[in-house]
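Please walk through this fold one element at a time.

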Amino acid sequence: MAVGDAGLQEEHLDVLTQTGQKTGISKPRGDVHRDGDYHRAVHVWIYAENTQELLLQRRADCKDSWPGFWDISSAGHISTGDSSLITARRELQEELGVILPKDAFEKIFVYLEECVTNDGTFINNEFSDVYLVTTLDPIPLEAFTLQEIEVSAVKYISYKEYRSLLAKEDPEYVPYDVNGKYGQLFDIIERRYTENNVARCLTLQNQLRRYAPVSLDPELTGFSEADKEALALLIKAATIMDEIFHQQVWYSNPDLRAWLKEHMNATDIDKLKWAYYLINKSPWSCLDENEAFLTTADSAIKLLPDATRAVTGWKGLEYKAAFPMLKPPGANFYPPDMDKMEFELWKSSLTDSQKQDATGFFNVIKRHSEFNLDSSIYNKTLDDTEKLVQSTNDLYIVPFSEEYNSFLAKAAKLLHKAGDLSSSPSLKRFLHSRADAFLSNDYYDSDIAWMKLDSKLDVTIGPYETYEDTLFGYKATFEAFIGVRDDKATAQVELFGDNLQVLEQNLPLDNMYKSKDVIAAPIRVINLLYNAGDVKGPQTVAFNLPNDERIVKDHGTSMVMLKNVSEAKFKHILQPIADECITKEQQELVDFDSFFTHTICHECCHGIGPHSIVLPNGEKSTVRLELQELHSALEEAKADIVGLWALRYLIDQDLLPKSLLKSMYVSFLAGCFRSVRFGLEEAHGKGQALQFNWLYEKGAFILHSDEKFSVDFTKVEGAVESLSREILTIQAKGDKEAANLLLQKYCKLTEPLNIALGKLENVQVPVDIVPSFPIANRILE
């Protein structure tokens, strides 16, 4: 309840559709239950791990529904203007006197209850976000402070006994259908704490086996002592990008990482957990559609001495730092309970400049209500609170330079020191400007300095890719790549960057959408000696940066090829795939030069085609902003398929040897099976499935009776051109609906793909590599 000028005001609730979407209407709580309107609530269960008990509360006798019955640990409606997680935290504090931070709450599912009680006068059509709080031991009953108008008593009960009572419809307990959707609560606890460790070890071993260990140890020929000192500083700065990235993935991820590292030698399973976590940098497995391989039960134990009323002899509440089983689409860039509709409504209230920040690469979105709740609990400073209450909206923008200041300040110092030591003027300029950008949050000048880098020691460090933000594709993650330039290979690839404008003008796309001022893209070939940050799971073989559309439009892009990574992937993965999946007659056409040349062309083709666009209504926009979460997958597919088209064009112009023609198509076919194994939740895997299925449908790829594949050279050129035109046109129009239809139709594990993937699984061809870096390890040790 809230007290206003007119006295006691009844709580208002948002009215939802039958599918749970907001209607924009809010009504008094009593009217909602009288009329049977759909609305939102939270359920919070407290589970004691060591005793396997759930906490129940006895509802006060004055409650309008189920008075005097035993029920959920804590629950309540989500009032108009409030959010789910804030409500869960507040209800627990108000009803039971338990004060917990957000990382104690694990959202496990959404439950829809549709029931009528009180002789038809109370209709409850309620979508409830169900949260689980995992404590080590039961909280002493005398530690609770009960809200008498809501709760008359609390008790702990074995989760198995409680489930049995509910199944029997015991008259003392609020009923829940434990054989229906609410049974998930008990199923999750059961699975989590009764899993066979031997079976789990085998699963983790099989997951680890998909990655081939590779040592990347390039020579530092020509490096002066000052260069080596600068290198050491840069590697240390790169490790800070790792710290930031772990936080960007999820707010409890750094605690999980520290806990797993601390306990990695405790048992065999702890070693396996840590080894697989190091590859994925989160509890979600990149190669398994982001399925969780860890649970909150594996997570860090945290102690809160002041979470409840003090009890003599009790040190306080110990809980597990929680993370959801489903990977959050917004990562840690947005409030965990924010949906797209809330963001879009808030964005519509902003000025044009604020909208650019809200959808920009280098900011996170937070809640005033969360800060205010934390302020009231943890006594944050008045200055911070005053700063927050300037806006009537709950969401607000925080720049990376503020959000990650403690990390970025250290990284900036290291970059400045490395810049002072560097003998390369261009590297010196980049490092100093990037250090300044870390603290100013303006990356424009340092991105341009990076594009002009001409140094034996090659460095990429900062926030770049947006793959982690699958909610909108707006926010950039921090990463670092440090390598040694291969001067001979770099000279050989100049052809591609120099011909971008010619390729743009000849794209299979209506002329009205083509750019007249594509800028030649410099290409650097390096041998990688260290990477950090957003380099989880499958390793990249190249990248084309920056992603800032302003820079792409005015200055183009620059490409970096990781030659030793490409060589490792070809040797350990692509060649074995070809041996297993390609017909004997075409196997010899799969070679490293074709694979590497297409990789170069892929990165070049990120720099051509639509980026900044004009919508049908005349409004200026970008492909990224219009396609949102679909952009990454479609852009990867575009770069791949247009890369094939571009190679054919350059061969026709006698700029590349005709001997490449057949080998590039067959190498691409083998590469399809390599990338699809990354999973269809990942942008590259999704884009590759689209291409394979399109080309297979057009007859360009053939599956033979012996379950091997080949390329039909009479059909592949037309199929490549038609898909290139389809994707480029969708991008040029900013047509999200068409993008969605295309991806839905073709981004599937079809029968031919399943046949190929099954063959590769049977012979245990690695899916990707996991690199080690001897030079960096020696420096860090």
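**Helix pairs, a sheet and a hairpin**

Helix 5 passes helix 8 in a left-handed crossing. The contact draws on Asn-197, Arg-200, Cys-201, Leu-204, Gln-205, Gln-207 and Leu-208 from helix 5. Helix 8 supplies Ile-269, Leu-272, Lys-273, Ala-275, Tyr-276 and Ile-279. By class, the residues of this contact between helix 5 and helix 8 are eight nonpolar, three polar and two charged. The model is predicted. Helix 5 covers residues 197-209, and helix 8 covers residues 268-280. Their axes come within 10 Å and cross at roughly 30 degrees. Angles under 35 degrees count as roughly parallel, so helix 5 and helix 8 are roughly parallel to each other.

Helix 25 spans residues 631-652, and helix 28 spans residues 716-733. The axes of helix 25 and helix 28 come within 9 Å, with a crossing angle of roughly 135 degrees. That angle makes helix 25 oblique to helix 28. The crossing of helix 25 with helix 28 is left-handed. Which residues of helix 25 meet helix 28? They are Leu-634, Glu-635, Ala-637, Lys-638, Ile-641, Val-642, Leu-644, Trp-645 and Arg-648. On helix 28 they meet Glu-717, Val-720, Glu-721, Leu-723, Ser-724, Ile-727, Leu-728, Ile-730 and Gln-731. The contact of helix 25 with helix 28 divides into 11 nonpolar residues, two polar and five charged.

Five strands form an open sheet, ordered 19-20-21-23-22, with mixed pairing. Which strands stand at the edges? Strand 19 (457-463) and strand 22 (542-545) do. Each has a single partner strand, so one side of each is left without a neighbour in the sheet. From one strand to the next, the twist averages 35 degrees. Strand 21 (residues 523-533) pairs with strand 23 (residues 558-562) in the parallel sense, over four bridges. Within this pairing, Arg-524 has Val-560 in strand 23 as its bridge partner. Helix 15 (residues 425-440) packs on the sheet. Helix 15 touches strand 19 and strand 20 (478-485). The direction of helix 15 makes about 15 degrees with that of strand 19.

Turn now to the hairpin of strand 3 and strand 4. Strand 3 (residues 12-16) and strand 4 (residues 22-28) run antiparallel, joined by four bridges. Leu-13 has Lys-27 in strand 4 as its bridge partner. The hairpin has five residues between the strands. There Gly-20 takes a positive phi near 95 degrees. Is strand 3 largely enclosed or open? Four of its five residues are buried, so strand 3 is largely enclosed by the rest of the structure.

The last stop is Val-32. Its place is in helix 1 (residues 29-35). Val-32 has a relative accessible area of 1%. Buried means under 20%, so Val-32 is buried. What does Val-32 contact, leaving aside its neighbours within four places in sequence? Its contacts are Leu-13, Lys-27, Asp-37, His-39 and Ile-123. His-12 lies 20 residues from Val-32 along the chain, yet their C-alpha atoms are separated by 8.7 Å.

Conventions:
Residues numbered from 1 in each chain as written. Predicted model: local features only at pLDDT ≥ 70, side-chain atom pairs only at ≥ 80, totals over all residues. Heavy atoms only, no water. Axes fitted to C-alpha atoms, helices over the stretch in contact; angles between N-to-C directions. Helix = DSSP H or I, 4+ residues; strand = E, 2+ residues; numbered from the N terminus. Parallel < 35°, antiparallel > 145°, perpendicular 65-115°, else oblique. Left-handed = near helix turned anticlockwise from the far one by under 90°. Contact = heavy atoms within 4.5 Å. Nonpolar A, V, L, I, M, F, W, Y, C, P; charged D, E, K, R; others polar. Buried < 20%, exposed > 50% of the residue type's maximum accessible area, 1.4 Å probe, protein only. Pairing = 2+ DSSP bridges.
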